[in-house]
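Colleague: Could we go through the side-chain contacts of this model together? I have the coordinates open and would like to take the pairs one by one.

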Amino acid sequence: MSSDARTRDADLVAALARGDLQGAFDGLAARYAARVHRLCCLLLRDEAAAEDAAQDSLLRAWRGLGGYDPARGAL
């Protein structure tokens, strides 16, 4: 992702740095859940499957937040 994405997500990275995984995830979900859901709908063309895939994607993001390294790229 571009440096614009890094700038936009700086608050989430700061929450992670403070150890605030819940706050970082809440921000991530608020910011990206609708986009993830739309992408899943486009790819799967099935609303129920898209909802499940979007939720699974966000859950995987939640589980991986603790290992996020901002030097490797934007969220």
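**Side-chain pairs**

Modeller: Let us begin with Arg60, which is exposed, with a relative accessible area of 59%. Exposed stands for over 50% relative accessible area, buried for under 20% and partly exposed for anything in between, using a 1.4 Å probe and protein chains only.

Colleague: Before we go on, what are the ground rules?

Modeller: This is a predicted model, in which local features need pLDDT of at least 70 and side-chain atom pairs count only at pLDDT 80 or more, while totals for chains, interfaces and linings use all residues. Residues are numbered from 1 along each chain as its sequence is written, and side-chain values use heavy atoms, with hydrogens and water left out.

Colleague: Which residue meets Arg60 in a salt bridge?

Modeller: Asp56 does, at 3.1 Å from N to O. A salt bridge here requires a side-chain nitrogen of Lys or Arg within 4 Å of a carboxyl oxygen of Asp or Glu. Both Asp56 and Arg60 belong to helix α4, four residues apart, about one turn of the helix. Helices are DSSP runs (H or I, at least four residues), numbered from the N terminus. Asp56 is partly exposed at 35% relative accessibility.

Colleague: How many salt bridges are there by this rule?

Modeller: The count comes to four. Among them is the one between Asp9 and Arg31, whose closest N and O atoms are 3.0 Å apart. Asp9 lies in the loop between α1 (3-8) and α2 (10-17) and Arg31 in helix α3, so this pair ties together parts 22 residues apart in sequence.

Colleague: Is Asp9 buried or exposed?

Modeller: Asp9 is buried, with a relative accessible area of 1%.

Colleague: What else does Arg31 pair with?

Modeller: Arg31 also forms a salt bridge with Asp11, with the closest N and O atoms 2.9 Å apart. This pair links distant parts of the chain, Asp11 in helix α2 and Arg31 in helix α3, 20 residues apart. Asp11 is partly exposed, at 41% relative accessible area.

Colleague: Changing topic, how many aromatic pairs does the structure hold?

Modeller: It holds one. Phe25 and Trp62 are edge-to-face, 5.2 Å centre to centre with 70° between the planes. Rings of Phe, Tyr and Trp (its six-membered ring) pair if their centres lie within 6.5 Å; planes under 30 degrees apart count as stacked, over 60 as edge-to-face and the rest as tilted.

Colleague: Where do Phe25 and Trp62 lie?

Modeller: Phe25 lies in helix α3 (residues 21-44) and Trp62 in helix α4 (residues 47-64), so the pair ties together parts 37 residues apart in sequence. Phe25 is buried at 17% relative accessible area, whereas Trp62 is partly exposed at 31%.

Key: Helix = DSSP H or I, 4+ residues; strand = E, 2+ residues; numbered from the N terminus.
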